[in-house]
Each structure stands twice: as C-alpha cells, then as structure tokens.
Amino acid sequence: MENHHPAIISQELFDRVQEERKKNKRETKPQQFSPNSLSRRIHCGNCGQNFRRNRNKPWEYFRCVSATTHKNLCSSLTLREDLIVEIMINAFRVRFDVDDPKLIKRLQRMLIRINQNDYFEFHRLKALTQIQLAKRLKDIQFTDQDIIQMERDYDKFENQLVEIEDDRKYRLGSIKWLENIKTFQDFSGKATIEYLRAWILSMVIYSKEDYKIYWIDGKETEVGNCIPIKPNIVESPKEFYSEGELQVDNNPELQVMTTKQVTSGKGGDLNTLDEEDRKMIAERKLEPNLMVKNIQKQLSNSVIMQTSVPVVREKKLKVAAYVRVSTELEQQKTSIKTQYSYYLYLILKDPRYILADIYIDDGKSGRTTEGRPDFKRLMEDCKAGKVDLIITKSLSRFARNTVDTLTYLNMLKSLDPKVEVWFERENILSLSEKSNVLINLLSALGQEESVNIGEAIAWGRRSLAQRGIVRPAVQGYGYKYDKNKEWVINDEEAKVVKLIYDEYEKGKNMREIANTLTEESVLTPGGQKMWQVSTIRRILSSEIYRGNYIYQRFHSGFSLISDRVKNTGELPMYFIEGHHEGIINGEQWKRVQTMLEENEKSRKENFQKYPVDKEKNDAFTKKLYCGECGTVVGYVRGINRQMKSYEKRWWRCNKGLKGHCGSIHLNQNYVEENFSQVLMDIKFNPAFDEYLDLFMKALKITPEEEIQREQLEQEKEALNQQLYKAVENELGKAGKDAKLIDYLTDEIMDIREKLLGYTAREEQLEEVAKEIEELRKNLEAYKNKGNDDLRYYKSPPDFKREIFENFIEKGTILEDGQIIYQFKSGFEWTAPINYIAFQEQERRRKKAKTQLEKKEFLKGPEVKALLKYCEEPKTITEMREYLPRYLTNPNFKKYIVKPLLEKGIIKETIPDKPTSRLQKYYSIK
C-alpha cells in the first residue's frame, strides 16, 4: 500500500542504502538439512512447548523452544541426538520383554497391523454416534459439559489420526529394516530416530530420566517422576547467597527419582516393585479366558441383576433372551457363545424366572426382520403364550428399523397377557409408561445409525483420500497386495493387461480380444472362463493401469436398503496421481483413450436403436437357471431389420450365448406354455398328489425322531444346568480356566442346531400345506379337456404372471428343455412336455393357421371378383393378369385354382383342337 503514511527518509536515500546492502551481503550456500522426523513430536513437560532441532556438527541437538529463548523460562536441558535414541530405546525396555525371542516379530506385526487395519473408521463412527446421541438426549441423560468433552476427545482423536497417517513412511521403512534384525540387542545397536519413530507417536520430556512415551497403538509408557521442574529464576544474587554460602531448597517434592526407582502402572522395572505388586502382575499373565471375562463384565453391568422386575405376577415369568450378531466371523461366533452363557446364567440365577429359550440369529442384519428366522420364531412363541418377558441387549439388537421395532412392540403389547421387552443397554421396559418416547427416539436413532454406518466409514475414508491415502478393499486386475497392503504388480496378470492394450492398438476390436483370451483359457478378473466385451472395455479405460486411482466412483446409496450405484455427482471423487506403479506407460494409455473415443463416436453415428421391447416377460428374470452349468438364464431379443415383422424372444444360458455351454435356447412362448402346462398337471395328474404325499411324509417328524428330540431337549436342559454351575464356579475363581464353559457351550450349540433342524422341517411342512391350499384355490377354474399325442393338455389357460411370481422360487432348465419348477415352500414339479414337443406343436399350429387362412382367402373379395371375371372361359395367364400380385407367384394354381376346381366352383375346359397340350380354359360352372 503505497503512501500509507508520511515518510521519514527520502526514496533516493532508501534506494542507495539498499544498493549498499546488496554489495556487502556475503554469498552463502544453502545448508542441506535432512528432514526432522521428530518435528512437533517432542514436547517439553516443564513448559508445554515443543523441542526444536539445532545442528552443530557432527551432532544434532534438541532443546525446548522456551529454554532456547531464555534459560529463566524453562529448566529443560539440551539433549543430543544419541541421548534421544537412548531415551527411546529405554522406553522399549520398559514396555516390552526384551528377552522374548519373538519380540522382533511382534514389533513388526504391530506396524503391519496398524498399516492394514481400518479400525480408525470404527472409532470415528463410534465417537460421532455418541456425540449425536448425546445431543439428542441433551438434558435427559447428558449435559452440555458432557457434549463439550466428547467433542474435545473427538478432536484429539482426529489429530492423532493425522499423525498416525503421516508416520506411514516411517512404518514402511522400519518393517523392511526389521527383516534383517534378529534380536533386541541387534535392534538397539542399529536403531536410529527414523526407525524408532515408527512405533513412537510422540514424547513428553521432563529431563533425561523423566519422560512419557505415546505409542502408535494408543498405549502410554511413563518413565521416572513426570512432574514439571520449575526453572531457577535468578532475580538477585542477594536472595541466593547469604554470607557467601549458597542456600539450597530441600523441598522433597522437587526431588527427582533415579532410574533405579522408576516404576509405573503402565510400564516399569520389576526390581522396584513390592511383593503385592509382583503378585498382581504375575496374576495378569494368567489372564482369564475371554468368554468368562466378558460374562463377568456383562453381569457387573447388568441392570437386571441390580433392579427388581416391575411386572408383578404370582407365577414365575417365562423369560426368553434374543441374541443377534450381524456377521458370521469367528469372533462373532465367540460372541454368540458368550452371550448364550451370559443370558443362561442371568435367567437361571433369578428364582422368579423360568427359561423359555434363547433365540439366536447369527450373520443377520437388523435393518429389517427379513432373514431372521429365530426372531420370527420368538414372535410366534410369544403369540402362543410361551414367553412372558424378552431380554435383549439393546434396541439395535432387536431391530434397527423403526417401523419394525414399533410394530412388534405394539403386537407384543396387544397380546393377552402382554409380553414385555427389556432393553438392557438403554434400561427400558417396553410396558413402562415413560418408555414410549424413549423407544421412538432411540429406535429412530438406531435406524439412522444403521443407514449412516456405511456413510460414516466412507466419510472417514474420504478424509484420508483428500490427503492421497486410500486403501481399496479389492486390488485391480494386474495387481496384488504386498505384506504392507500396498499395490504391487502381479506379473502374470500384467502380461494379460499389456496384451489387451497392444492388441487394441493393432486394430483388433474388443470382441476379438475377448474371444482370444477365452480360447487361450485365460481366467477373467472374476475367475471365470469367458471374457466379456465389458471387461475388456473396463480394462482399456481404467486409470489404474497408468498408476493413478479414482476414489469413490461408486457409492452405496443413501437408503436403508443400500445398493451400489455409480457416482454421478452426489459425492466428491478424488483423483490420486501416482498411487501405485503403472503397468501401461502414459503415452500408450493416452493413445488408447483417443482410439476409444473415436470408435465410440463412429459407433454412435452408425447406431440404429432397437424399438422399445414391450413383450419381454420380466417375471422370468433371475428365476431361470441352466441345469447344465448352473448359470442364470438371460433374455435375448432378435430383430431382422430387413423383415420388419421378424422379431423373436428367447431365454438362454448366458454362457451358452457365447458358445461355452451346450444348453439350448428356449422361445419365450414355450416357457410361458410350459408353466401353464405345469399348473394343469398339478391339478389333474394323480402322480403329483402321490409325490406331494411322499414329500410331506418325509418332512413329518417320526415317532422315533420325536423321542430323539425329547432326549435332545433333556440333554440340552442338563447341559444348561451344568453350564450355569460352571459359570458360577468360574466367576468365583476369577475365570482362570474356562475350558469347561467353552466345551459345554459348544455342545449346547450342536444340540441347538439339531433341534432347529426338526423345527425347520415342521415349519416347512406347514408352509407346504399352506402353499398347496392357496395354489389349488388359484386353479379352481381350470378345466381338463384331455391330452393330445404330444402329452399337451388341450386348451390350457394363458400364462398367469401373478401365480408365477407368488409361488415359484426358481426354475431349472434341463438339456431337453424340460423345466423343473421349485416352489417357495420347497417342493418341485415339472411339465410332461419338452422343447421338441413344443416345436412340433408349433409346426402343427402353423399348418393349421395356414389352412385356415387359405379357406378365408377363398371366401374373400379377390376370389369373388376373379370368379365373376371367369364367367367367360379364361386361361391361367389371363387369370394371373387379373390379379397382378399373383402374377409371379408359382403357387397361384396350387392354392387358388386347384381348391376351386376341387370344390366344383369352376371347371376346366380343353378346346377341341388345342394348339398345345397345356392349352386349358377355366370358367365358373
């Protein structure tokens, strides 16, 4: 900003001074400094400032910024680089057992786990959900101060996450370095600050002997007496000297512990521990089995164990527990066993309770009640009066869909007697007067959480993508993961990628390239044998093959039932250049993109769009399967552009379309007729009734099986009692040996599976009976007019779409075109016809149609006009000329003249003296 204020000196004098400064300035070479790996990672414990690096050959020094400014501001000392390394190494000695021969491997696994895991997104989601819940329950369960503290903790977590991701380069370097390290002695002798930084996130230093170490896995190690040391501020010599002698403050609070006295709850030297501490640490090595530990934790937190049941009844309550986990991982299986043991103990422990059952849905999502068989069984048992009280962990375990939650709670409330649900985590009883508002609010939050889980995780990944850090769940074709979860080239697949690019540049089209790869038995990216044009196009146009990555090209939508959809601007996409090593060089990739654009432009110019298809029967989509290879049967439409009336529709195995399966293609009319014939056969064929009787008989529980089921129930009850006692005993022993609990739970789970098998058969039997009854109602109007020689039922009704959609689960097409229909309750049936019979039937229909058309034509106006014309004898040529459109038709005499002669409508006359043997005249009689 020129002339902002009055100048003190003239412009001329100012310019002369600047010239002199330039002349007197010494030329210096810029010093080359290596990056400071501890920048902003060493903090002063005495004043809170950061340590700064200063270089003084041959050593680097670190000192607090305040102490560097003035020694009276901070008492921290200057620490040389080798002393920093010693501090870091000593922290390893305090935290880890350096005599453990597997320590190096464990250190390496720690880094690999941090690089591989995406659990940061889980913690982010958890924190955001807690904050959201706290805001909505403000003044009910949370205060303003609680929310502020949650937000502060979350900000701290985000800052730590940034630091962790910034340290990735150190972790990668240390992982590689550890490959040549065998012992901790070797580790400590060769370690540098850059290598040690991979495990140490930051340090707070009070003195050479006193410091705190914050590790990459979130743990903390404290060494020495970590109390801030006040600086020795010199105000006046008189205050420190009296008669020539130095006055020393002997306040014991300011004394610093020696290294031999160092100890901490998070790490320390065992030589300084008293006997009680030694016993405590020795017992920790015998950590209780995880299952017992979790049971004990849940029991200690259980509201049910601490409060009385509000429902007052004279008789004992029939109590059921509902358990659900959303995946089938091994950890979740352990969770099921733990929860089973917990609820069993909880219910049997209370004399007011009778165990109704424990209902378990494993690997099921709570977004809807679809696919949760045990939940449905629980609801049916409630209707049957077998349950008085349901205990479940939380609203989200019961259902994350607000509509389902309220619907089922209202249904349970309407029963007589009413069935109550106890949500442990929220401490809510469904029949309580004050519960309605909370249930509505919390179930809505549960549904929102279910929808937002994927969004929150995606948000965390987008935050990393903004900084160029992405971890795709699946690597692209041509790449593989190394042990650090980084993309490296897969040599075998890379050859295929290069071949595709080279062949396309040479002029081959995508179909030709796909056929070549299929013929050479090269597997597709999905492991299939047959290459598709779409796969070739995707590889040719993908950025990953020149080393770049586009993040979030697709997303999972924003609804409760999520589908993966293409990102058309709803969310930001991130272009990450140089994400990995490219297989194709940039110049070739650009040439191929130019060719793709030109070919696409040419295709669009010559493209003729098919007319809208209004005849496709969508009911068959994803319902028909090939009996030979198991592939889904797809729809094919054929149009002859020269013959506008020619249009055919088939259903054919997708592999068969490309010549990789020998199955035949079926005319859509045949599939529709086949189903109509099946319905006729179900109603009128006695063989179906015999089959159905045998099918239902196989589902019925035999007397022997009923006895076996009773024995299993008794065995399960006995094992439940044993498990209850085992849990009781192990809780008293602090759970040092839980093998018996684990064994009993496994046995109970096995018996449960067998009992569920019986239950499933009974439920299927009911479903079959119900479905057959409903099906027969739909077939009441069908009439049997017998079968023809092709086994076709005569005059069957047209295809009934609603019956097909309501009753058919799938159809399997056999080699001869027969279709085996599987109904939704499990029974199967097929029509007595095959595709050859259909083709013969079609031939007969066509012939009959032609004959009918001929008869109608002979009665038509053209023939009537011809007969009037033939009142006087006419030659065949004259007759043709009268009907010009038949002038060149070789069948004129066969289909018009001959039938008229046979019916006696016209007569044939031969002259007395014909000029040739073919001279004949035709006239009406």
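**Notebook: strands, a helix and confidence**

I began at His 43, which stands opposite Val 204 in strand E5. This is a predicted model, so I kept an eye on confidence as I went.

**Entry 1: around E5**

I looked up the strands on either side of that pair. Strand E1 covers residues 42-44, and E1 pairs with E5 in the parallel sense over three bridges. Next I checked strand E6, residues 211-215. E5 and E6 run antiparallel, and five bridges join them. Val 204 turned up again here: its bridge partner in E6 is Lys 212. I also noted that E5 and E6 form a hairpin, with five residues between them.

Is E5 mostly covered or mostly open? I found it mostly covered: six of its six residues, 200-205, are buried.

**Entry 2: a three-strand sheet**

I moved on to an open sheet. Its three strands come in the order E22-E23-E24, and the pairing is antiparallel. Which strands stand at the edges? They are E22 (633-639) and E24 (666-667). Each has a single partner strand, so one side of each is left without a neighbour in the sheet.

I then looked at strand E23, residues 647-653. E23 and E24 pair over two bridges, in the antiparallel sense.

**Entry 3: helix H32**

I turned to helix H32, residues 892-902. I listed its buried residues: Phe 892, Ile 896, Val 897, Pro 899 and Leu 900.

What do the buried residues of H32 pack against? I noted helices H29 (835-858), H30 (861-869) and H31 (876-882). Strands E28 (906-909) and E29 (921-924) are partners too. Just after H32, Gly 904 takes a positive phi of about 75°.

**Entry 4: confidence**

I finished with pLDDT. The mean for the protein is 79, and 76% of its residues reach 70 or more. Over residues 235-288 the pLDDT is below 50. Beyond near neighbours in sequence, that stretch has 40 contacts in the model. Residues 364-369 also have pLDDT below 50. I noted 29 contacts for residues 364-369, again beyond near neighbours in sequence.

Conventions: Residues numbered from 1 in each chain as written. Predicted model: local features only at pLDDT ≥ 70, side-chain atom pairs only at ≥ 80, totals over all residues. Heavy atoms only, no water. Buried < 20%, exposed > 50% of the residue type's maximum accessible area, 1.4 Å probe, protein only. Helix = DSSP H or I, 4+ residues; strand = E, 2+ residues; numbered from the N terminus. Contact = heavy atoms within 4.5 Å. Pairing = 2+ DSSP bridges. pLDDT = per-residue confidence, 0-100.
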